[in-house]
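Dear colleague,

I am passing on the structure below for you to look through.

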Amino acid sequence: MPSLKTERLFFLATGDRYTLKMLDLRAAAVPFDLSKAVTISDVDWSKRSLWSLHHHAASDTLWLHADERNDEQTNLWTLELKSGALKQVTTHDYVYGLGFSADDTQVAYLPRSGTRAPFRSCLRVMDLATRSSRELVCDTQALRFTWSDIRWAPDASEVYFQAQVDGDRNRVQLVAVDLTASKPAVRLLTDPKQQRTDASALEGWVDGDGLLFTANDDGFTNLYSYSRKSRQIRQLTRFTEDMTSARLVDTGVFAVHRSPMGSSLTLVDPRSGKILGEQPQRGKADVIDGHADRVMWTQEAPDLVFEANLATLAPSDGKAAGLNNQRVISLPESLTAQIVQCRAEAVKIPTFDRVSGKPRELHAFVLRPIRPLTDRTRQLALVESFYGGENSYSTFDHIMCAAGLTVVSASVRGSDGFGRSFQALND
């Protein structure tokens, strides 16, 4: 959980207990030595859920979206970095999501009340200094508040988040609330008639007017722009793979679009949607933070456990994404040699499509043992279902390879990563 803005890296060290640690990136050598991180909490986080954190640099405090006993009764908490004191700030049944104003003086959040549906959810805004909060507007059956990061307007006059028409997860909307109104109301920004399962706003603004968000109106998650002045929405990208993560930085929008077959790091002009540069990557990549001219992105694959990369974005030549990249976190080679026991190959499998009747191919990985058994009568294959083809490391698969088995892992219809229609083929 990096915070490039405040030059800190937070992570959980897992084992018999989960320990929350912090590495100061201002003095950290590359690659990062995680053993030099300091423990910032004596809480065993295996006994709690920690969904997200926000480093409030002015008070040297972490704001946490967490529960107390792994019961998903999520609330807002603070953790003082100097003393390690953990305090619960809100006492709601469930908090869907939150977002901090640009000046870090306010937090907006979406608490839910009630033990069974229909729940009641409201937008609240809290002053971080006084901890006083006010309720602005609540949802209705026609438009339900839901899981969402909340984004603020540059002048803190409005907030933006997701809601669902009639509680339908296939009709997710991006909405706005005017915080200055005497009677704040929810205003729809997206077309409520359009099928959509996601509408996630990015942090930051383009020229103080453009709010960027990702949505899958055309069947794939792409980048869109909303203008506060004209109240118009434009689709900026038209990828036929889902854009899985994106951050707005000084150079543009650094985004990843991918399917289970592979990933592409992409730099997008936030005004025109022009692709400024692109780099293909094997495996599953995602950008997890971005600030100024830097981004941190991760990568994994069926034969790659995990790597984190810190990249400085240089002006693009129109072909590559303009990355000056440094690998900052990876496993020691000695450990990798022990736990990576498969070699992965991407293949296509012919199948059928009951809906259209047209031929279709499925993606799959064939994972073969690095050290196959010499006795051919014991060279067996395991076919996985459902769902396979995930472009990430699986402990199970590598145990099978270590035992001499070949693993065939396919993305059958209903798998994610190939667009909304492919995911719905098993409905």
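Just after helix H2, glycine 404 adopts a positive phi of about 95 degrees. Please keep in mind throughout that this is a predicted model.

Helix H2 itself spans residues 395-402, and its buried residues are Asp397, His398, Met400 and Cys401. An α-helix has 3.6 residues a turn, so residues three or four places apart point the same way. As for what lies over the buried residues of H2, the cover includes helix H1 (333-339) together with the strands E30 (342-351), E31 (360-369), E32 (381-384) and E33 (406-410).

Turning to charged pairs, how many salt bridges does a search of the whole structure find? The search finds 23 salt bridges, and I describe a few of them here.

In one of them, the side chains of aspartate 24 and arginine 8 meet with an N to O distance of 3.8 Å. Because aspartate 24 lies in strand E3 (residues 19-24) and arginine 8 in strand E2 (residues 8-13), this pair ties together parts that are 16 residues apart in sequence. Aspartate 24 is partly exposed, its relative accessible area being 27%, whereas arginine 8, with a relative accessible area of 11%, is buried.

A salt bridge also joins the side chains of arginine 196 and aspartate 217, at 2.8 Å from N to O. Here the pair links distant parts of the chain, 21 residues apart, with arginine 196 in the loop between strand E17 (186-188) and strand E18 (199-201), and aspartate 217 in the loop between strand E19 (210-215) and strand E20 (222-227). Arginine 196 counts as buried, since its relative accessibility is 1%.

Glutamate 307 and arginine 327 form another salt bridge, in which the closest N and O atoms are 3.1 Å apart. Glutamate 307 belongs to strand E28 (residues 304-313) and arginine 327 to strand E29 (residues 323-330), so parts that are 20 residues apart in sequence are tied together by this pair. Of these two partners, glutamate 307 counts as buried at 12% relative accessibility, while arginine 327, at 48%, counts as partly exposed. Finally, there is one network in which salt bridges with shared partners join Asp155, Glu158, Arg187 and Arg228.

Note on methods
Residues are numbered from 1 along each chain as its sequence is written. This is a predicted model: local features need pLDDT of at least 70, side-chain atom pairs count only at pLDDT 80 or more; totals for chains, interfaces and linings use all residues. Side-chain values use heavy atoms; hydrogens and water are left out. A salt bridge is a side-chain nitrogen of Lys or Arg within 4 Å of a carboxyl oxygen of Asp or Glu. Helices (H or I, at least four residues) and strands (E, at least two) are DSSP runs, numbered from the N terminus. Buried means under 20% relative accessible area, exposed over 50%, partly exposed in between (1.4 Å probe, protein chains only). Contact means heavy atoms within 4.5 Å.
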